[in-house]
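Biologist: I'd like to learn how to read a sheet and a domain contact. Could you walk me through an example?

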Amino acid sequence: MSYEERLQHVSVLGAAGKMGSGILLLTVMEMADISLKPENKGKAFVLNAIDVSDEALAGVMKYLKAQVLKMAEKKVVALRKMYADNVNLIENEEIINQYVFDAISLVRTSTRLESAFDSRMVFEAIKEDPELKIGIFSKISANNPNQPWFFTNTSSIPITKLDEGAGLNGRIIGFHFYNPPAVQKLVEIIKAENTLPEVEIFARQYAKNLRKIVVPSHDKAGFIGNGHFMRDILHATAEVEKLSAQMPFVEAVYAINKISQDYLVRPMGIFQLIDYVGVDVCSFIMSVMNPYLPSENLHSPLLDNLLSLGVKGGQFSDGSQKDGILKYEKGKPVAIFDIEKRSYIPIAEFQSGVDTKLGDLPAPPPWKTVVGSKTKEEILAGYFKQIKTASGLGAELTRNYAARSCEIGRFLVSSGVAFNENDVNTVLLTGFFHAYGPINNYLD
Amino acid sequence: MVAGYNTIALGTGRKEFNPKKERPGLEEYIKESGQGTLKKIGGAKNVDECVIGNFMASRFNRQANLAAFFPYIDDGLRYKPAVRVEGACATGGLALMTGIKSVLAETAEVVLVIGVEVQNTVKAIYCADYLAGAGWFKNRKDGHAYFFPGQFSDRAGAYFEKYGRDKTRQAFARWFRNAVENARLCATAQEYHNTTKYLEELAMMEPNGKSFVDNLNVFDCSKVSDGASAIAIVSEEGLKRCGIPVSEAVEVIGWGQIEEDITKPPVDPTELTTTKQAIKMALASAGITRDQIGTAEIHDCFTVAGLMCMEAIGFAEKGKGSDFILEGNTARSGKVPINTTGGLIGWGHPTGGTGVHQAVTILEQLTGKAGDAQITINPNRPYGLTVNMGGDDKSLVSIVYKRGK
């Protein structure tokens with residue numbers, strides 16, 4: 001079966017979710033472009049958007065239409081060529097609208113798993129629950145005569161476990177998009193022990209057509225992305241616990257969030273990132289990864305505690321940030337949740353006091369300026385050189401944080417998760433928008 | 001002509017511009033420019049007739065019957081004759097010609113002329129659809145997504161092939177730099193806030209046919225602009241009525257106003273043949289030579305059009321336009337400063353308003369009222385020239401001006 005034939009009948013599971021809707025968008029654009037080739041005229045292309053709620057699926061169709069329109073506007077030069085034969089489509093507006101119509105027409109929403117029984121490939125972006133995934137894959141595989149391929153977006157579960165559990169005989173691969181899939185350039189590709197070579201060839205072609213940067217990862221729980229992120233969280237929470245001996249909890253959270261954003265020159269602080277992903281999701285990912293990591297304990301009592309108090313984070317359906325460990329106004333943190341008082345304390349109440357405790361640090365270059373700068377290396381080398389010799393609590397926390405991030409990166413290579421250090425850095429640069437890779441010699 | 005007024009040219013580049021926020025509409029631009037000129041001529045009571053030039057409000061703003069906006073400018077314009085004219089990007093020039101002919105026909109002593117376009121109502125990709133109306137609609141299907149950039153990219157490609165690419169592209173980049181540097185001196189210009197240091201280097205960006213057109217980059221193109229300009233066309237009698245000294249006016253001493261067949265491809269893609277003819281007629285009717293022109297406002301909707309216009313005027317021989325520009329002749333300190341407030345690329349190109357804006361700039365320069373953008377007019381070259389082009393070298397208005405005595 002050719003690449004294009006494989007893409008004639010596709011299902012996306014969890015299509016109404018944050019990741020699933022992005023995968024749906026990218027896939028519908030790819031399928032539409034293929035279906036519009038002259039040689040494919042008359043062939044049917046079907047993309048099932050499967051999820052549990054009709055309401056959520058209705059929302060996804062609105063999102064899809066708006067996003068396909070935006071993307072069509074950007075590629076109108078190519079679209080005019082695609083529709084060159086249709087004499088009735090003359091203006092850009094007519095061509096763009098027709099493309100949106102043609103693309104959206106490929107999508108069928110469904111709340112029934114049975115819709116996937118005719119598909120040739122299945123993208124999966126449902127809950128990070130190995131048993132749930134195995135159950136669904138087994139059911140589809142048993143009822144689908146096409147021997148479908150499964151592309152799982154899991155960020156933490158070993159693919160081999162899913163392959164074996166569902167009896168797929170290698171018809172599966174880890175295809176891990178970053179959030180949001182339509183924007184983030186990175187895709188981690190993870191082969192199970194028995195992944196069929198043709199599945200990997202297809203995965204790479206598909207990633208290339210979507211203009212993604214591919215980083216391969218070994219099939220170890222959490223792969224590179226969460227392998228770094230989860231351990232980074234544990235470093236942060238450990239530092240907060242230590243600091244809590246000398247300052248209130250909210251001040252410690254503020255301090256570490258500030259260190260991990262401003263002083264490490266990252267796009268957002270670690271606690272804001274946890275909120276962005278969801279406290280529950282982070283905690284759950286750790287619990288999924290932990291059984292596969294016998295020499296470590298990937299578990300955060302602090303996150304559990306916060307969850308038990310109802311602190312969850314995550315996003316509203318329009319993409320705006322819900323309150324979590326931090327409270328947000330117009331997307332910016334304004335208060336921090338106090339575990340003792342069970343309420344948010346405004347940052348303004350303690351900000352200057354904590355800043356004083358952190359000491360007189362060299363002014364960090366703003367992430368926004370650094371990330372796009374041609375002289376990025378120079379700026380960062382110069383800044384970290386100052387951090388290296390600076391004294392005070394803030395400088396020490398910054399050095400420790402950077403050193404631990406580097407250590408995690410190296411560990412991902414030595415423990416056989418990443419193929420090499422460069423892959424680790426690429427994941428952090430492209431999947432997390434860091435300005436520099438964690439494995440560097442800035443502080444040597 | 002007297003009493004010129006320009007609104008700002010609003011669009012990307014201006015600090016006030018935010019595509020997500022509400023902006024002034026067509027009527028506000030008409031009102032602001034109209035009142036600006038009325039104020040300088042003693043009010044609406046002095047006006048005999050009105051002309052409004054607009055290209056495509058019917059699509060950009062879903063508005064027609066624009067002549068009926070004159071009474072909205074000032075109650076004193078109620079029940080006075082008014083007309084709307086259209087000729088694509090030469091609309092402004094045609095509005096001026098309509099006013100000039102009314103004065104010459106002695107049906108009016110004072111004509112209020114406005115040119116206006118409000119184009120940021122749609123994204124650039126749809127704007128391209130609307131502006132494509134300046135070409136023959138039967139060519140639209142086979143044309144480029146960005147129709148006019150596509151037309152002029154083809155011209156640039158032909159020019160590259162005939163006369164060489166590298167130097168020509170350098171001349172385009174210099175043209176861009178001159179445009180922005182001039183615009184920085186004019187507070188109403190769209191590029192007034194542009195602070196880019198290395199303009200020529202920026203403009204040397206390699207064109208990308210996959211996302212735009214093959215032979216031009218975005219810096220080679222005028223932007224999408226909202227704006228209006230107004231001026232009064234008056235007889236000597238009208239000037240007295242308005243109480244304006246003759247030295248504050250410019251005299252129209254010649255013009256060329258012609259059309260070429262919209263259904264035909266260019267006679268020669270490396271040459272603006274209609275433009276050349278219109279300028280020739282303008283200079284002949286004024287009884288002057290090109291060497292007597294002190295400054296010109298020419299229609300640089302694209303850098304390549306600017307370059308070809310230098311050859312059409314005869315400032316440079318065919319194929320030598322690049323040298324003429326790169327030697328600095330068109331810069332504000334050069335032999336013939338061109339587009340001294342930025343032209344279409346620097347000041348902006350609210351299509352239906354551009355021809356009127358050109359006249360306002362010449363009026364200001366020749367009467368010493370151009371503010372920071374003022375150039376010194378060489379006494380041996382006392383004439384100003386405007387060249388306003390509609391479509392791909394199809395509708396042309398070229399006018400010769402001299403300061404009143």
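This is a predicted model: local features need pLDDT of at least 70, side-chain atom pairs count only at pLDDT 80 or more; totals for chains, interfaces and linings use all residues.

Biologist: In what order do the four strands of the open sheet in chain B stand?

Modeller: Strands are DSSP runs (E, at least two residues; helices are H or I, at least four), numbered from the N terminus, and two strands pair if DSSP finds at least two bridges between them. In chain B the order is 6-9-8-7, with mixed pairing. Strand 6 (250–259) and strand 7 (293–297) of chain B each have a single partner strand, so one side of each lacks a neighbour in the sheet.

Biologist: How many bridges join strand 8 and strand 9 of chain B?

Modeller: Eight, in the antiparallel sense, between residues 383–390 and 395–403 of chain B. Within that pair, N388(B) is opposite V397(B).

Biologist: Which domains does the assignment give for chain A?

Modeller: Domain bounds come from an automatic or database domain assignment; for chain A it gives domain 1 (3–217) and domain 2 (225–431). Their C-alpha centres lie 32 Å apart. Contact requires C-beta atoms, placed from the backbone, within 7 Å; 17 residues of domain 1 of chain A touch 16 residues of domain 2 of chain A.

Methods
Residues are numbered from 1 along each chain as its sequence is written. Chains are lettered from A and ligands numbered from 1 in the order in which they are written. Two residues are in contact if their C-beta atoms, placed from the backbone, lie within 7 Å.
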